[in-house]
Amino acid sequence: MTTAGSGETDGFPSGTAEGGEADGGGASPGPADGAGAGGAGSGGANGEAEGSPSGAAEGKAVETTETGGAGTRGADGDGGPAGGDGGLSEVAESDGTGTGGSASGAAEGSGDSLGGADDAAGGAADGGGAAQLSEAAAELAAQRVERERIAQRKAERKGPIESGAKLSGTAADLLAAIRAVEGGEKPAATVFEEPEAAPRPAPAPEPARRPQPAPAAATPGTESVAAVRAVLTAGGAPESLAPQVAAALGDGADALLREDPWQLLRVTGVRPDQADGFARALLGAECGPDDERRGRAMTGWLLEQAAVAGHTALEMPALSAALAQRAVPDPEAAVQSAVAEGDALVFQDLLDPSAPEPEEDEPERPVRVLVGLERYALAEESLADGLARLVNSLAKDASQPWEAVAAAASAGAAELARAVAGHGLVLHTGGEAARAEPAALLAAARAAGLRAFAAAHTPDGSRRLAGGEGAVGTVADLLAGATGPGRDADGALDLDLLIVLDAPQLDVEGAAMLVEALPDGARLVLSGDPAVLWSAGPGRVFADLLAARACPQIASRTPDPGPLGELVSGIGVGELTQVGAPGKEVVIVPVRDAGEAVHRTVQLVADSVPRAIGVPAEQTVVITPGHGGAAGTRALNAALKERLNPGPGRFGGFDPGDRIVHSPAPGRAAWGQVVKADAEGLHLSCEDAPVVVPKEQVEHSVRHGWALTAHQAAGNRWPAAVVVLPGDAVQSLSRPWVYTAFSRAERHLSVVHGVEQALPKAVAESLPKPRTTRLPLLLKTQVPAAN
C-alpha cells in the first residue's frame, strides 16, 4: 500500500476536485475480488477510512490497494531511463551530488490518483440565461442530446435479454427483476421508465471567442438550500454541503434526504461511514445495517467507485463481496432493490456467444452476471450498435472515390488509405512519428473532394497534426459544435471520414457520442498509441477494439527518432534499455528522499534545463505520481510558484502569471495562465482563449499547473519534461505510467529518481490493471471478426 499525504480520515470532505482527479484513499471493487481495504463497521457504520471519488478533501490519505482506490484510477506506476552518457553538470551544484546518466538501474514510481467522468471538476451547466453559450456549456448541451438519443436506441430494442432463460436461484431472480423493469411491469418497488426520445437538434452555433464566464452548475433555489441545510444540521453534517445536496437530489431534496439519509452518498466526496453517521443521527433506533435503503445506496455508491476505477460494470460476485465488507447483510437483496428502483441494470452475458443452444438434457451455456449503472450500460450498448452500423453500412461502390485517395498517399499512409477504402472502421497504431500517416490520409482525402476531419484529445494534439489546417480540432469541440463541419439535416456530422487521434483516451461515453454522431456510410479511423495509459473515464475502448479484432488494424512501421524515441520504444515492449544521449536528451538525477526530489525538480525547471538545454521554464512540464504526498503536485506546485512566480495568492491562492490547469467540465482540462482577478472572477488565458472563472468556482475548477499527473499530461507534449519518482511509489509502478510520462518529452527528459531497482522490474512485469467492460462481447455478437 502506498500512502501519499496525511490528514484526518473522518469528518466530511470539502468536495474539492483538481483537474478531474482525486487523491482519496480507500478501496473500490475490482474485477477479480471486488474487495477494498477496511473492515465492516458495526451498527450500520462502515469502519473503513474510505476515500471519496474525485471530490476528496485535500488532506485525505491516498491508499492504493489491489483493487484500485476509491478515487484512484488503478495504481499506475512509472519508471526511469537506464543511463545516458552524461548528466547536467549544473544540477546539484550546491552539494556536489552527481547527475551522471549511466546508472542502468534508474527507476521511478508513481500511482496516479484519478477521477472520472463524474468528478466534481468545476461542473458545467447550460449557462442559464447567458446571452451566449461557452464552449463547455455547448458541449454539455450536446452531450445531453446524445444521451437522450442513446436512451431512444435503448427503448427501441425489443424483448428481454435472450440469454440466461433457464437460470435458477439468485441469477434467475436478478434476471427476472431486470426483465420486469424492461417490460414495463411494476417490480417490488417502482416502475423504471425509459426517458422519452428527443429529436436531434439543429447544429450548435460556434461560440464567440471573447471573454466569458466559465459555465456554472445549475444553482438550486435559496429556499431549497435552506431546507436542506436544516436537515444536514439535524444530522450533524456540515451546512456547507447544502448546495451540493440540493443540486444532486433536485426538487424536494430536504424531504428525500430526511426520508432516506443514505441519499447523501450521491454527493461527490461523501463516504459511506459519514452517511451512516448521518443516518443514525436522523433515524435513531430505526437505523441499522440491514436497512433496505442503505443496501440500495451502497450498491449505487460501489458502482460509482467502480466507474472511477475504469469499470463499466462489475461481476456479481465482486459486487456482493464488496457489499458484504461494508456490513450489508444480504448483498443479493440489496442489488435486487437497486435494480427495482432503476439505479442499476443486470446483464446475463454468455461467456461464449458462438456456442450452440444446449439440448434439453444438456447443461446451460455458462454466463457471467454483471451489474452496472444505466448511463454506462446504455453508452456501451450504443457504442457497439454504432460501430456495427458503420461496419455494415458501406455501399458496394463506396470504395471508388477512395481509390484515388490510396493512389495519392505514399508508404504507410497508402496502406491505411487502402484499408479505409473498403471498411467503415479502421484502427491505426503507432507512436508520435506515426501521426504523419493519418495526417497524410486526411490531406489526400480532402484533395480528392471528400469531407474529412481529424479530432484529437487536446488542442496540443490538434496542433501537432501537420498539414491539417482548417480540418483539425478536439473531440470535445467537435461534439459541442464549436469546430468541425457542422451537422446535416438529420443531425449527423456532415463527414465522409473522421480520424480520431489519441484514441486510447476515449472513454465509453465520449466514444458512444462520437460514433452516434456519424452518418451511415462514413469512415472512422481510430489512431493512437496502445502503450499509453487508458482513459481517465470508464472503459478501455481502444484496447477492447484491438482485442475484438472486428476491423482492420494497421500498425505503423515508423519509429520515434532519437534517444528519447529509442528509450520509449523499449519501454513499450517491456525493456528498459540503456541509450546514448550525446545531446543530454536523457538525464538521471538520483535523490534520497521526497524533500530532495522537490529541491532538485525546482532546480532543474528554473535553472539547469534552461541554461544547459535552452528550454525555458514555461515550456517544461513536471510529471509526478499523484496530487498528495511530499512530492505530489501540490507540494511541487507550491515550490515552483515560490521560485518562478512568487506572490501572496490574494485570489484563491493565485496571482497574475501563475501557470494553471482549468477544468471547466468533468473530463476536460485546459492549460494556461492567470491574467488578473477582479469582481467578475479570475481571468485566465487558456489555449489562447480568454476565460473568466467566477470566484465561487475557482477552488473547484482551477489549480496550479507547473506539475501534473500522467493522466493529466496524456495527449500533450512539451519540449522538456521532468519526471519525479518518489521512493514511496514503488508498489504502484507500471509500464503504461512509465511510457506515458517519459513520452511527454520532445527534446529533453530529466528523471528525478528515487526508486532504485524497482523501475526495470515494473517496466518488464507490471501491466495495466484490468477493467471490466462489456464492449468486447457486444462487438462479438454484432460484428464478425476481421481477417
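Which residues does Leu-283 touch, not counting residues up to four places away in sequence? They are Arg-258, Pro-261, Trp-262 and Arg-293. The model is a predicted one, and the values below are computed from it.

**Leu-283**

Leu-283 belongs to helix α6, which covers residues 272-283. Its relative accessibility is 13%, and because buried means under 20%, Leu-283 counts as buried. One of its contacts, Pro-261, lies 22 residues away in sequence, with a C-alpha to C-alpha distance of 8.3 Å.

**Strand pairing**

Strands of a sheet pair through backbone hydrogen bonds, in either a parallel or an antiparallel sense.

| Strand | Partner strand | Sense | Bridges | Residues standing opposite |
|---|---|---|---|---|
| β14 (residues 659-662) | β15 (residues 670-678) | antiparallel | four | Ile-660 and Gly-672 |
| β15 (residues 670-678) | β16 (residues 681-686) | antiparallel | six | Gln-673 and Ser-685 |
| β3 (314-315) | β5 (residues 367-372) | antiparallel | two | Leu-314 and Val-371 |

β15 pairs with β14 and also with β16. The link from β15 to β16 is a hairpin through two residues.

The pairing of β3 with β5 is part of an open sheet of three strands, ordered β3-β5-β4 and paired in the antiparallel sense. At the edges of this sheet stand β3 (314-315) and β4 (345-350); each has a single partner strand, so one side of each is left without a neighbour in the sheet.

**Helix α23**

How many of the eight residues of helix α23 are buried? Eight of the eight are, so the helix (residues 735-742) is largely enclosed by the rest of the structure. The buried residues are Arg-735, Pro-736, Trp-737, Val-738, Tyr-739, Thr-740, Ala-741 and Phe-742. The cover over these residues includes the helices α18 (562-572), α22 (710-713) and α24 (758-765). Strands also contribute to it, among them β13 (620-623), β20 (718-725) and β21 (745-753).

**Nonpolar cores**

The largest nonpolar core holds 113 residues, and the members that touch the most other members are Leu-232, Leu-524 and Leu-526. Leaving out residues up to four places away in sequence, the contacts of Leu-232 are Ala-237, Pro-238, Glu-239, Leu-241, Ala-242, Val-245, Leu-257, Leu-264 and Phe-278. There is also a second, separate core of 35 residues, which includes Ile-623, Ala-721, Val-723 and Ala-762.

**Cavities**

Searching the whole structure gives six cavities of 30 Å³ or more. The largest cavity has a volume of about 280 Å³. Its lining consists of 23 residues, and those nearest its centre are Glu-432, Arg-435, Asp-502, Asp-529 and Val-532. The elements that give two or more residues to this lining are β6 (425-429) and β10 (523-528).

What is the make-up of the lining of the largest cavity in nonpolar, polar and charged residues? Six are nonpolar, nine are polar and eight are charged.

Methods: Residues numbered from 1 in each chain as written. Predicted model: local features only at pLDDT ≥ 70, side-chain atom pairs only at ≥ 80, totals over all residues. Heavy atoms only, no water. 1 Å grid on protein atoms, 1.4 Å probe; cavity = no way out; pocket = protein on both sides within 12 Å on 5 of 7 lines; lining within 4 Å. Points joined across faces, edges and corners; volume = space filled by probe spheres on them. Nonpolar A, V, L, I, M, F, W, Y, C, P; charged D, E, K, R; others polar. Core = buried A, V, L, I, M, F, W, Y, C linked by side-chain atoms within 4.5 Å. Buried < 20%, exposed > 50% of the residue type's maximum accessible area, 1.4 Å probe, protein only. Contact = heavy atoms within 4.5 Å. Pairing = 2+ DSSP bridges.
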